[in-house]
Amino acid sequence: MRKLRAFFLRFWGLSAGKRHDDEFAEELRSHLQMHIDDNIRSGMTLDQARREAILKLGGIEQTVQRQRDQRAFSFFESLGRDLRFAFRNVHKSPGFTAVAVLTLALGIGANTAIFTLLNAILLRPLPVQNPEELLLFGDGYAMGSTQSVPDGNTKLFSYSFFHDFRQKDTSFSGIAAVDSTQFETKASISGGAYQTTHVNLVSGSYFSVLGVPAFLGRTIGESDDSVEGAGTVAVASYSWFQRHFNGDPSAMGKVIRIQSHDYTLVGVAKPGFSGVTVGQSTDLWIPLSMEKAFSRAGWNGLGDKLFQSLYLIGRLRPGVTTAQAGAETNLLFQQIVRSYLGPQPSQKHLDDLARASIQLTPGGRGVSLLRYALSLPLQILMAIVALVLLIACANIANMLLARGVVRRREIAVRMALGASRRRIVFQLLTESTLLAFLGAAAGVALAWKGSSLLLNMAAPGPDPVPLNLTPDLRVLGFTIAVTVLTSLLFGILPAFRSAGLEFTPALKDGRGSSSVSTRGALARSLIVGQVALSVLLLVVASLLLRSLIHLYDVDTGFDKHNVLIFSLDSSTANLPHGPDEIRSVRLQEQIENRVQAIPGVRSDGFAFFAFNDGAWSDQVLFQGVPRTPANGDPVAFNITGNGFFSAMGIPLLEGRIFTSPDTGTAKVAVINQTMARRFFPNSSPIGSRFAVGETPDHPGEIEVIGVVKDSKYYTLDEAPVMEAYFPCTQNPGFFGNFVVRYAPGANQQEISSRIRHAIGEINSNILVNSVTTLEEQVDRSIAKQSLIAQLSAFFGILAVFLACMGIYGLLSYSVARRTSELGIRLALGAQSHALLWLVLRECIFLLILGFAIGIPVALSSTHILKSLLYQLSPLDPTAIAIAIATVACITVAAAWLPARRASKINPMQALRTE
Amino acid sequence: MGESEVWQGTLALMILKTLQSMGPLHGYGIARRIEQISQEQLIIQYGTIYPALLKLEQEGYISADWGESQNNRRARFYKLTRAGRRQLEKECQRWEKAAAVLARFVSTGEEAI
């Protein structure tokens, strides 16, 4: 305890230095004064007396310095000395430093990069007031709209429900609503050029409930959202405002024209807030009362009580628990939706509703489909990079152990000169911390660029995902924690080992043998661990790669080569809605015909959807066919021009596809194989009649005229989906996807620019948003799988490479130490291949031990990957065999070099070296 | 003994003993007293007494306060605390034991020659 007290006093002494110095100066003065008095009394002159007193004291300056040393540790002083010494050491062995820093930079950089993404997508709260009080209705993993009666976990809600619920509930101090779809549209400021703008429709309560104040002007209020069509105001995000107005407040009151409606800019939201959807950035918020101006013809989001398209976010009233709120919410939900079903609801609707519920989830981190898609891959990648860092630590620990042996003499001398063990350990740890921080600095630089690159790979597209990836405090803290942990992990064992050695034998020759065997055991177990981890990582990598290959080999049903997809925007073309909508279709036909005439173009057609860009689905009912579990699944619909099938390369199997006469009231459809088989297992569907909906208003209004081959609709890994195609002419509207097939070998650039030109000639207000190829669209749909497969392969190989460096280092060292022994063996007649085997044997032994640990661990953990694997068992023997073979081959190759050196030893030279 | 430096551990013991026998005393006084007791055999640099005093103070064995010397000089006076008294007792016992062992050792050595 006394020691501890003195320790703290000395620590405290660091800060109170000045006062203590003054006091001691006075004490010294009185000391000298008394001494001088005595000296004078014994007969000296004043000068003599003074000189004698100072002499006897041992010098004033020296005494003051000694006092200071005792008062405060020279803790910081010694830290500074350690650091300088560490820098010198690091500088002295540039090879070791370069390898260690590079390894650490990769390890720490990868961890920081993945954590940056994880933080931005999974962890970071929204920049709103008290985000922890917010609750999201449902989990938010849905987007778009549905008109069916709620059934199961409900995630989207109608405008009517929002209003009715708000009046009755007591659990929330406020509820905000936002349309789940962000509209990408064109806006013109004060009559200027149209520019792409992202619009979110929000309730009047949105800003007040979230607690987002206006930076300028005002936010959207209840009065803007009270009467349908009355809220012609817009609130801008700070970044949009800066981009377009450079922070000029006179922008307030400016008129913004979007899809033939004018909106007045009334305010700017506080900087940093860009909506509640992570991975989307809002430019303008417009009241939900203007929904009609954004929705497609015939949709009635405000009037239809079952048109469910909104996310609801509530702020919990103080003192109410989530469980209480959940109970009340579900009770009201059942009552309110029941009242929407009319006086005599069908039994099926009642059954559906009985199964429906609302799950309240924490809403402080916002809503994100990106989170849904990337949550598991990011967590797996985080685990992978953490393991890689662990392997890197083992490697550096091994290198430090080897250096420790070299530095035995230096350390022994320092200990003989009086350095305590603690000082030595502290100094060695300073060195490893310095290495770790050098690595971290390089790693953070790597991560800075790396994380946005990764995000682009995971979610590719013409525009980068708007996600703020600037490192925040949490990322910084993570990196520092990882760095410190890393330096301890790789530094502490070698430091203790070095300081613990018996130094007398070390002093004698610098090559004592006492601790060599233990170092060997430690180094060997580190290598076994490395091999085990690399096998685990490679098993994961080869599973994911094989799954990716399966995905690439999937029969898409369409021919993805030589196809361009134009994304067109008609929002500024002022096309009519309602009865005149057929004019949009005529415009499309004009474009189709003009483009068809361009040399090199084989076929073309408009479509609602091409592949993997949205969906519209519902049940259908065929006349005379009872509903079965097989045909009760929703059918995926598409609306296409006549040339769509040949442009996509979807072959016709039976009947015919759309022709120009399919314009009348006799509605027709083309269906796919799966749909034909499910409804008509034993007969031809041609001529049969069906209608859309669970209980259609006009049963049998659509006639099947053809059957086409199955093609992928949502994703590459979907199970067979029932699909039905309708002609544009009978479902008028402007469909933004224009699919063009060109002749193999034709100049894609030239065709693309000619098509742009042709579209501009027909109607200059039809804007081309982007041009991609169908191949790119397919690749983009598996970007997530491809990213995680590529990254895990990269890190897997890196892990094996690091393990190999370890093995190479260990064996080289052991061959060097055993030179004389090997030389004697050779001299006594051992064959050189026997020596080769002698060394290789050690490597194979470590390898087998590593496998014995790594393979069972891999087998018991790969089931985590199940949902990411396409048509592949998590225990796929081929993948595991590939992993084992790769690790075995590469490590044996690494061992081969030192082994060969052993077999090439010249016995005479070897004997002389000792 | 010709050494000008005294081993820190023994210096601390000498300071504690001095304070016990003399009562509160300033640094200069302690240094003089140690020299006198050793009959000028032990020559210490007076400066070395201060770090030792500070260490004892930090450990709580002695405490210090400003006061007046015999010749009306302001000086910092040190005195034993209760913990210091206990520590002195312990140190004395240890020292006696060590000295006895060493004495026996030295005398047997002479006999053997």
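Residues 509–516 of chain A have a pLDDT that stays under 50, and for this stretch the model has seven contacts beyond four places in sequence. Here pLDDT is the predictor's confidence in each residue, from 0 to 100, and two residues are in contact if their C-beta atoms, placed from the backbone, lie within 7 Å. Where pLDDT is low, the predicted coordinates should not be read in detail. This is a predicted model, in which local features need pLDDT of at least 70 and side-chain atom pairs count only at pLDDT 80 or more, while totals for chains, interfaces and linings use all residues. Residues are numbered from 1 along each chain as its sequence is written, and chains are lettered from A and ligands numbered from 1 in the order in which they are written.

Taken as a whole, chain A averages a pLDDT of 87, and 93% of its residues score at least 70. Its secondary structure comes to 27 helices and 24 strands, where helices (H or I, at least four residues) and strands (E, at least two) are DSSP runs, numbered from the N terminus. The radius of gyration of chain A is 38 Å, well over the 29 Å that the globule rule gives for 914 residues, so the chain is more spread out than a compact globule; this radius is taken over C-alpha atoms, and the rule is 2.2 Å times the number of residues to the power 0.38.

Of the 914 residues in chain A, 41% are buried, a residue being buried if 20 or more other C-beta atoms lie within 10 Å of its own, exposed if 12 or fewer, and partly exposed in between, with C-beta atoms placed from the backbone. A nonpolar core is a set of buried Ala, Val, Leu, Ile, Met, Phe, Trp, Tyr and Cys residues joined through C-beta atoms within 7 Å. The largest such core has 167 residues, and L544(A) is one of those that touch the most other members. Helix α17 (residues 516–553) of chain A supplies the largest share of this core, 19 residues. Beyond its neighbours within four places in sequence, L544(A) is in contact with I788(A), A789(A), S792(A), L865(A) and L868(A). A second, separate core of 60 residues includes V128(A) and F157(A).

Strand β5 (residues 195–202) of chain A contains Q195(A), which is partly exposed, with 13 other C-beta atoms within 10 Å.

Finally, the contact between the chains takes 22 residues from chain A and 19 residues from chain B, and α3(B) gives five residues, the largest share of the side of chain B that touches chain A.
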